[in-house]
Number of protein chains: 2
Amino acid sequence: MNKFIENLNWRYATKEFDTSKKVSRGDLDEIIEVFRLSASGFWLQPWKLFVIEDEDLKKQIMGAAWNQKQVWENSYLLVFAKNLNVDKNLVDKYLDRSAELNWISRYDLSGYEQTLLWFVDSTPREYLQIFSENQVYLSLWNVLAFLADKKIDSCPVWGFDNEKVDAILSLRDKWFASVILLPIGYRSENDTNLKRKKVRFEKEDIFEIM
Amino acid sequence: MNKFIENLNWRYATKEFDTSKKVSRGDLDEIIEVFRLSASGFWLQPWKLFVIEDEDLKKQIMGAAWNQKQVWENSYLLVFAKNLNVDKNLVDKYLDRSAELNWISRYDLSGYEQTLLWFVDSTPREYLQIFSENQVYLSLWNVLAFLADKKIDSCPVWGFDNEKVDAILSLRDKWFASVILLPIGYRSENDTNLKRKKVRFEKEDIFEIM
């Protein structure tokens with residue numbers, strides 16, 4: 001079987017980590033790099049990854065996430081956050097970076113600048129936040145696929161009190177808001193989810209050729 | 001360098017495919033399997049992948065996507081669609097499948113059933129569609145990462161007239177709506193995007209450790 005597909009079958013939502021094993025700092029650096037390389041709509045990268053190491057912060061966040069143990073007991077708790085300010089400043093930041101990396105002037109990018117400004121100016125603020133949220137979900141799977149490749153376990157958690165988590169980490173002050181929590185570590189052999197079968201609909205239910 | 005990270009650096013949004021090369025049917029089958037194995041919130045899999053082979057349909061869709069050539073000239077055009085009916089029927093379908101694969105009775109799943117029914121009944125319909133859309137973005141990157149691993153090129157397209165595409169493919173009649181178009185194929189050496197540098201913010205801009 002193709003290794004990528006093998007990895008997908010290997011991974012699952014891990015509810016209990018083996019606390020005697022810790023994801024290395026080197027692996028964490030690679031995870032951050034993978035996140036950084038995610039694609040996004042208009043290339044705007046409307047996101048930030050908060051890596052929580054502090055045990056007290058993790059415990060507080062667990063309290064805002066139905067006390068799910070894996071949110072506290074893990075190697076690192078990743079918090080995927082969306083940018084609340086998809087605006088001219090973000091457009092400028094992207095265009096400056098693009099000009100710099102491609103050795104061109106901002107003037108050469110003025111056509112694309114118009115498109116981006118039209119997008120951020122004409123789209124209702126509420127929809128811009130959905131846009132950011134969608135991009136965060138996109139980046140999440142990039143990290144999940146990489147973790148499966150590294151045989152690092154994880155459990156995406158989206159049922160939590162976002163406002164509380166934002167307050168615990170002071171995210172709103174930085175104009176970010178939490179979307180997904182992703183505790184990472186190595187699966188415990190006692191994890192009850194480990195014995196469950198992966199439940200996916202049959203092929204004919206999820207695709208159609210035209 | 002890690003191969004996964006190498007793949008991320010290799011991939012880019014391909015605007016022009018080499019029309020003399022075609023993605024094999026075997027690779028397409030694997031792509032569908034990868035999509036099928038994507039994770040989703042509550043495991044509800046609120047999505048469907050429409051694979052467009054018909055040249056005339058592709059051409060019509062191109063007309064609804066700012067006439068972007070790559071939407072027509074490709075090996076296959078994948079249309080990632082969200083399920084518009086996240087409701088009791090979908091919950092039943094998931095629970096039936098779960099009971100079947102785990103060799104247990106629906107009764108054993110009644111606790112989880114309550115949670116799922118609470119979710120679909122108490123969440124406003126508008127938010128349920130955002131939920132579905134988020135999950136589609138999640139599944140999209142699963143496919144993108146796999147394509148990069150197979151050295152198959154692609155170009156996620158989300159700026160298009162969704163209603164027109166839904167009408168061309170009669171998606172609404174099936175209670176689905178298009179979210180993303182993903183033409184796939186092999187890059188042309190003439191593609192202008194090929195010469196552009198990948199533009200990503202610097203590491204310190206996209207992550208923070210706490």
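Leaving aside neighbours within four places in sequence, Val79(B) is in contact with Phe50(B), Ile52(B), Val165(B), Leu169(B), Ser178(B) and Leu181(B); two residues are in contact if their C-beta atoms, placed from the backbone, lie within 7 Å. This is a predicted model, in which local features need pLDDT of at least 70, side-chain atom pairs count only at pLDDT 80 or more, and totals for chains, interfaces and linings use all residues. Residues are numbered from 1 along each chain as its sequence is written, while chains are lettered from A and ligands numbered from 1 in the order in which they are written.

Val79(B) also belongs to the largest nonpolar core, which has 96 residues; Val79(A), Phe80(A), Val79(B) and Phe80(B) have the most contacts inside it. A nonpolar core is a set of buried Ala, Val, Leu, Ile, Met, Phe, Trp, Tyr and Cys residues joined through C-beta atoms within 7 Å. A residue is buried if 20 or more other C-beta atoms lie within 10 Å of its own, exposed if 12 or fewer, and partly exposed in between, with C-beta atoms placed from the backbone.

Chain A has nine helices and five strands. Helices (H or I, at least four residues) and strands (E, at least two) are DSSP runs, numbered from the N terminus. Of the 210 residues in chain A, 43% are buried. In S4(A), residues 176–185, nine of the ten residues are buried.

The table lists strand pairings; two strands pair if DSSP finds at least two bridges between them.

| Strands | Bridges | Direction |
|---|---|---|
| S2(A) and S4(A) | eight bridges | antiparallel |
| S3(A) and S4(A) | two bridges | antiparallel |
| S5(A) and S1(B) | three bridges | parallel |

Within these pairings, Val79(A) has Leu181(A) as its bridge partner, Ser154(A) stands opposite Ile184(A), and Glu208(A) is partnered by Phe50(B).

Helix H5(B) is hardly covered, with one buried residue among its 13 residues.
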